[in-house]
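Subject: Handover of a structure

Dear colleague,

Please find below the structure that I am handing over to you. My findings follow it, and I would be grateful if you read them with the structure open.

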Amino acid sequence: MATIEDFSKIELRIGRIKSVGDIEGARSPVYLLTVYLGEELGTKQLVAGIKGRYSKGELLNREIIVVANLEPKRIANVESQGMLLAASSEDKLSLLAPDKEMPEGSRIF
């Protein structure tokens, strides 16, 4: 079980996808996303395993929810600086997003 203290360490923010690219040589279906998280946090790049589920056009300028303080990790030989949130069930995948447009960088609590 996670405690409220554990959960409070996770910083969730609203981000807007500014660019979507392919990663040459990637062994899995991933995109390289550039996500703007507001003035305070700026832009981060995320490697997301959603290629084949979403087209580049569906993702560009879309608001998403990002784990903004995740330790960077190399995925597909690229540094990923956060993680987007999505729900999955069998063959379905759905990106999590606010139900109303929000300013980039807004905190989720």
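Two strands are said to pair if DSSP finds at least two bridges between them. With that in mind, R13 stands opposite V66, a residue of β4. Please note that this is a predicted model.

Overall architecture

The chain contains three helices and ten strands. Read from the N terminus, the order of elements is α-β-β-α-β-α-β-β-β-β-β-β-β. The radius of gyration is 14 Å, close to the 13 Å that the globule rule gives for 109 residues, so the chain is as compact as a globular protein of that length. The C-alpha trace extends over about 40 × 30 × 30 Å along its principal axes. Of the 109 residues, 34% count as buried. The chain exposes about 7,200 Å², and carbon and sulfur atoms supply 51% of that area. Among contacts between residues at least 6 apart in sequence, 58% join residues at least 24 apart.

Strand β1 and its partners

Strand β1 covers residues 12-22. Six bridges connect β1 to β2 in an antiparallel arrangement, and V20 has L33 of β2 as its bridge partner. β1 also pairs with β4, again in the antiparallel sense, over five bridges.

R16 is a residue of β1. Is R16 buried or exposed? R16 has a relative accessible area of 13%, and because buried means under 20%, R16 counts as buried. Apart from neighbours within four places in sequence, R16 is in contact with T34, V35, Y36, N61, R62, E63, E101, M102 and E104.

Strands β2 and β3

In a regular strand the side chains alternate between the two faces of the sheet. Strand β2 is joined to strand β3 (residues 43-48) by six bridges, and the two run antiparallel. In this pairing, T34 stands opposite Q45 of β3.

Strand β4 spans residues 63-67 and is mostly covered, with five of its five residues buried. Which residues of β4 point one way, and which the other way? E63, I65 and V67 point one way, I64 and V66 point the other way, and all are buried. Two bridges pair β4 with strand β7 (residues 83-84) in the antiparallel sense. There, V67 has M83 of β7 as its bridge partner.

Residue A86

A86 belongs to strand β8, which comprises residues 86-89. Its relative accessibility is 37%, so A86 counts as partly exposed. Beyond its neighbours within four places in sequence, A86 is in contact with L93, S94, L95 and L96. L70 is 16 residues from A86 along the chain, and their C-alpha atoms are separated by 16 Å.

A nonpolar patch on the surface

I4, F7 and I10 form a nonpolar patch on the surface, and together they have about 320 Å² of accessible area. One of these residues, I10, is located in the loop between α1 (4-8) and β1. I10 counts as partly exposed because its relative accessibility is 40%.

With kind regards

Conventions. Residues numbered from 1 in each chain as written. Predicted model: local features only at pLDDT ≥ 70, side-chain atom pairs only at ≥ 80, totals over all residues. Heavy atoms only, no water. Helix = DSSP H or I, 4+ residues; strand = E, 2+ residues; numbered from the N terminus. Buried < 20%, exposed > 50% of the residue type's maximum accessible area, 1.4 Å probe, protein only. Contact = heavy atoms within 4.5 Å. Patch = residues over 30% accessible without salt bridge, like charges linked within 9 Å, V, L, I, M, F, W, Y side chains within 5 Å. Areas by Shrake-Rupley, 256 points an atom, 1.4 Å probe, with all protein chains shown as cover. Salt bridge = Lys/Arg side-chain N within 4 Å of Asp/Glu carboxyl O. Rg over C-alpha atoms; globule rule 2.2 N^0.38 Å.
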